[in-house]
Amino acid sequence: MEKLSAEKIKAILATVPEWRQQGNAISRTYAFKDFPAAIKFVNAVAELAEQAWHHPDIDIRWNKVTLTLTTHDAGGLTEKDFTLAGKFDGLLLH
């Protein structure tokens with residue numbers, strides 16, 4: 001997958017408005033009512049990541065989960081990162 005240009009990143013970032021660019025990655029922190037709810041979300045993230053064969057960095061802090069995505073093979077952000085970010089956000093609707 002091809003690394004996105006700065007212009008393309010800016011445009012596509014609007015499709016996942018809660019995510020923020022940090023260098024060559026995008027990241028978002030999700031907050032839940034408690035630790036079990038956060039872990040349930042992480043388990044659902046793991047399933048989607050395995051299906052996409054694209055794995056985020058995951059930081060769990062009691063009821064908060066921070067996900068960070070980048071495409072290491074491309075040396076930065078690709079459409080794959082934004083597609084998966086959208087799928088992770090979609091988990092909140094269930």
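Predicted model: local features only at pLDDT ≥ 70, side-chain atom pairs only at ≥ 80, totals over all residues.

Reader: Got it. So which residues does L84 touch, leaving out those up to four places away in sequence?

Author: L84 touches L48, A49, A52, H54 and L69.

Reader: And where does L84 sit, and is it buried or exposed?

Author: L84 belongs to helix α3. Its relative accessible area is 3%, and the cut-off for buried is under 20%, so L84 counts as buried.

Reader: How far apart are L84 and A49, in sequence and in space?

Author: They are 35 residues apart in sequence, while their C-alpha atoms are 7.6 Å apart in space.

Reader: What about contacts across the whole chain, how many join residues at least 24 apart?

Author: Take the contacts between residues at least 6 apart in sequence: 66% of those join residues at least 24 apart.

Reader: Okay, zooming out. How many helices and strands are there, and what pattern do they follow along the sequence?

Author: The chain has three helices and four strands. Reading along the sequence, you get α-β-β-α-β-β-α.

Reader: Let's do helix α1 then. Which of its residues are buried?

Author: Helix α1 covers residues 6-13, and I9, I12 and L13 are the buried ones. Looking down the axis of α1, these buried residues fall within an arc of 105°, so they line one face of the helix.

Reader: What's on the face turned away from that buried side?

Author: That face of α1 carries E7 and K10, which are exposed.

Reader: New topic: what's the radius of gyration, and what would a compact globule have?

Author: The chain has 13 Å; a compact globule with 94 residues would be near 12 Å, so the two agree. Along the principal axes, the C-alpha trace spans about 40 × 25 × 20 Å.

Reader: How much of the chain is buried?

Author: Buried residues make up 39% of the 94 residues. As for the surface, the chain exposes about 5900 Å², and carbon and sulfur atoms supply 53% of that.

Notes
Residues numbered from 1 in each chain as written. Heavy atoms only, no water. Buried < 20%, exposed > 50% of the residue type's maximum accessible area, 1.4 Å probe, protein only. Helix = DSSP H or I, 4+ residues; strand = E, 2+ residues; numbered from the N terminus. Arc of directions from axis to C-beta. Contact = heavy atoms within 4.5 Å. Rg over C-alpha atoms; globule rule 2.2 N^0.38 Å. Areas by Shrake-Rupley, 256 points an atom, 1.4 Å probe, with all protein chains shown as cover.
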